[in-house]
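Please read it alongside the sequence and the coordinates.

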Amino acid sequence: MSGHKAVGASGRDPAEITLDAVRDGDVEIADVRIHPATLEHQARVAAEHANGQLAENFRRAAELAGLSDEDVLALYEALRPRRSSAAELSGHADRLEAAGATRNAALFREAVVVYQRRGLLRG
Amino acid sequence: MDAQRVNLDGFAVQDAGAGLIAFGSPADPAPSLVLGVDGSVVEMDCRPADGFDIIDEFIARHGLDLAVAPEAMALPDLAYAQMVVDPAVPRSELVRLAAGMTPAKLASCLALLRPVELGMAMTKLRARRTPSNQAHVTNRSDDPLLLAADAATAAAFGFREVETTVPVLADAPSNAVAVSIGAAVGSPGVLVQCSVEEALELEMGMRGLVSYAETVSLYGTEQVFVDGDDTPWSKAFLTSAYASRGVKMRVTSGGGAEALMGAAEGRSMFYLEARCVSLARAIGSQGVQNGGIDSAAVAGSVPGGVRSLMAENVMVMARGLEACTGNDALMSESDVRRTSRTLPILLAGSDYVCSGFGSIQRYDNMFGPSQWNSEDIDDFLVMQRDWGVDGGLRTATEPAVAALRTRAVEAVRSVYRHLGLADFGDDWAEQAVDAAGSKDVPAADLMTPLVASRIIRETAVSMLDVVAALYETGFETEAGRVLDMLKARVAGDYLQTAAIFDESMRVLSLVTDPNDYAGPGTGYTPTAARQGEIDAVRQQKSSDDLRAEQAVHRSGQLGVLRPAVVGSDPREVVIGVSPAVGRDIWLTLSGLTVVEALGELLAGLEEEGCTGRVVRVNDTIDLGLIGLQAARLSGSGIGIGLQGKGTSLIHRRDLPPLANLELYSVAPSIDAGLYRLLGVNAGRHAKGATPTPARNPYSDEAIEARYHTKVVALVGIERGCCDPAAGPQELAVQR
């Protein structure tokens with residue numbers, strides 16, 4: 001894509017990810033993970049193609065790219081119906097905010113209000 | 001009439017209260033949108049904000065382009081519907097306006113489109129220029145070898161996405177690995193997913209075991225949504241979670257789902273689906289799989305239901321999203337009816353015509369039988385060819401498929417052995433290569449995928465390990481292809497709307513391959529090479545093929561004796577054969593050789609005490625003229641005409657050419673007994689006796705469809721042997 005040079009989450013150039021390197025154990029999962037900057041770039045592309053919501057999704061994803069798989073799975077679980085109290089959801093929002101994940105934090109804060117109104121908090 | 005298969009389908013009396021209504025339930029709200037002083041939505045589709053359910057709430061907060069909304073909501077429904085089919089209005093303008101429309105508004109507009117207009121809309125509105133297709137690859141035993149062989153086969157037939165799932169949940173990681181390897185054997189760039197429960201599917205995506213996700217279900221009422229154990233917020237998060245790992249995803253919805261779950265709130269299927277599609281856009285999903293999906297038969301049971309399924313797909317396209325257009329779960333027992341449901345979409349062209357063509361046997365489809373299954377691939381390929389349209393599939397030759405299946409099985413065997421996941425015996429491997437389905441693989445052990453999956457999860461085997469194992473065991477090409485799919489995640493280009501990879505690993509998407517249809521002469525046209533694939537079904541035969549088929553039956557039993565002269569024996573009947581007989585045509589359409597047919601005719605004449613003489617007429621291919629010429633050479637004045645393809649008649653020398661005594665016109669049905677009878681009757685005519693007329697054989701088969709291509713070729717061969725200056729020749733027949 002124009003003007004963006006994608007590197008792995010580790011910062012590694014994909015050109016270095018050869019079969020020999022993989023065989024020699026010289027490639028880690030982080031080398032083939034998407035970099036937050038690439039997601040920001042894809043967000044710009046989506047916005048240029050008239051889909052602001054897809055762009056917003058990629059920006060939320062950029063915030064999550066640095067989190068561990070376990071953390072991401074746990075956060076997803078927390079947002080499912082009746083899994084969390086208002087305080088727990090707000091706690092997640094605070095931690096996300098502190099980690100710079102402001103868009104995801106906002107998603108959690110919104111959920112607190114709506115879940116409360118619609119009876120979707122843990123009873 | 002009741003025995004027709006369509007009567008196995010269920011048909012429901014329209015019942016709005018139960019949600020058994022395709023369009024326009026009395027309980028559907030009128031479109032409305034009211035913004036407050038702060039610019040936020042205070043009413044949407046006649047519901048005030050304090051009464052919003054979770055779906056309204058998320059759409060109102062995230063799903064609407066409020067800058068466009070006043071203009072879009074004020075536009076009359078009919079005006080938008082007319083713009084949809086007006087080639088002069090570009091796709092981008094329709095997508096721009098739809099972004100400002102509430103669910104009820106877009107539903108009202110698109111409900112106005114008639115079936116053919118929906119086709120126009122689909123051709124124009126779909127995101128990607130190049131159509132494509134998706135396969136289901138599963139089996140009853142989660143057999144990794146069979147999965148790999150079938151995934152390779154699917155890729156060979158042109159599917160660019162392969163979706164697998166499990167009868168046994170814990171087998172999922174093994175299935176994902178086996179299908180990924182098999183797909184890589186078949187082609188570069190095939191996307192693979194394993195449909196399971198949301199959290200496990202995400203986990204597999206994170207580990208690189210799959211390259212896209214689709215089982216992210218949305219529903220149109222709050223009750224069903226929550227019963228599905230999610231909320232729009234959790235789904236939005238899930239959508240971002242996939243993107244955060246560079247994994248493509250789309251959501252799944254479809255009309256009839258809420259009625260099926262008994263919580264449709266009295267709304268129409270199309271309105272509820274409008275909420276799903278609006279929500280899909282709101283949560284940032286790049287695409288939607290809809291068109292009924294698992295509830296397609298529910299939609300199909302009500303008046304207008306099949307039209308609503310297609311309208312759902314068009315709605316996805318109008319929202320600027322990738323459309324994976326159903327034709328997934330089998331919605332009818334009737335071949336006529338399922339064709340009727342699919343054909344308009346095949347003709348219009350879709351991002352994925354089927355969101356699950358069962359490329360495996362029906363009984364092995366763990367999603368349940370599909371609308372289209374491996375048994376139907378030839379039909380689908382012929383429909384593409386008939387209309388000259390691209391449904392994403394191509395013919396794969398049997399030797400090519402056999403080679404790919406063998407390699408896929410060997411690749412999975414090697415990788416599983418190398419990673420310590422399983423050892424497969426030779427029997428199992430051989431059966432999997434040759435199998436049409438899992439019933440042909442008795443050697444498959446049900447514990448193997450379970451154990452392999454446990455090891456994959458416990459020892460955190462990733463796709464990088466699979467790449468290394470492929471490379472080290474001699475599957476360098478496939479290792480490279482699987483690695484390329486991992487590297488594609490780093491680039492992230494395939495996260496964009498409607499992205500697939502072509503076989504050169506180029507991303508085709510809304511961004512790189514935008515649909516530019518703007519009326520006749522524009523938009524997607526298959527390249528010459530692709531059109532060649534569409535046209536070249538394996539059953540097609542050229543004149544050369546048919547000439548070679550005839551040559552197989554060439555024999556020395558017909559020889560030229562001398563120029564033919566007029567006979568004088570009153571018991572003689574001349575059998576006139578067409579110019580190519582004894583030269584290039586040896587086999588009649590019934591499967592008898594020409595020599596056999598002549599043998600029966602001669603024997604019939606002999607039964608009546610007559611003698612036969614065989615003469616080749618060289619100056620005409622017209623059977624009437626051949627028979628007449630034979631009659632004029634015959635001592636009795638009675639002649640038989642026989643074309644190489646088998647059509648025959650009895651003629652008399654004083655009749656006009658197109659009149660004759662008896663005609664046996666249906667060449668494919670003329671068997672030995674009929675030729676014998678023809679000979680007998682000709683003999684009786686020669687003696688002045690009364691023949692018993694033959695009952696012409698009729699059948700309910702599509703005789704013309706079966707034989708007309710051959711007839712054209714055979715007539716061409718006759719024409720080539722015809723020489724207007726050549727006189728008739730007497731032939732010797734060795735019986």
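In this predicted model, G639(B) stands opposite H651(B) of strand β19(B).

**Pairing of β18(B)**
- Strand β19 of chain B (residues 648-652) runs antiparallel to β18(B), and 5 bridges join the two.
- These strands, β18(B) and β19(B), form a hairpin with 5 residues between them.
- Within the turn, G646(B) has a positive phi of about 115 degrees.
- Strand β16 of chain B (residues 572-577) pairs with β18(B) in the parallel sense, over 4 bridges.

**Burial of β18(B)**
- Strand β18 of chain B (residues 638-642) is largely enclosed by the rest of the structure, because 5 of its 5 residues are buried.
- In a regular strand, side chains alternate between the two faces of the sheet.
- I638(B), I640(B) and L642(B) point one way from β18(B), while G639(B) and G641(B) point the other way; all are buried.

**Domains of chain B**
- Chain B is divided into domain 1 (124-535) and domain 2 (545-733).
- The C-alpha centres of domain 1 and domain 2 of chain B lie 56 Å apart.

**Contact with chain A**
- In chain B, 57 residues are in contact with 45 residues of chain A.
- Elements giving two or more residues to this side of chain B include α1 (54-63), α13 (269-283) and α22 (476-491) of chain B.
- Helix α11(B) provides the largest share of that side, 10 residues.
- By class, the side of chain B that touches chain A has 25 nonpolar, 18 polar and 14 charged residues.

Conventions:
Residues numbered from 1 in each chain as written. Chains lettered and ligands numbered in written order. Predicted model: local features only at pLDDT ≥ 70, side-chain atom pairs only at ≥ 80, totals over all residues. Buried ≥ 20, exposed ≤ 12 C-beta atoms within 10 Å, placed from the backbone. Pairing = 2+ DSSP bridges. Domains from an automatic or database assignment. Contact = placed C-beta atoms within 7 Å. Nonpolar A, V, L, I, M, F, W, Y, C, P; charged D, E, K, R; others polar.
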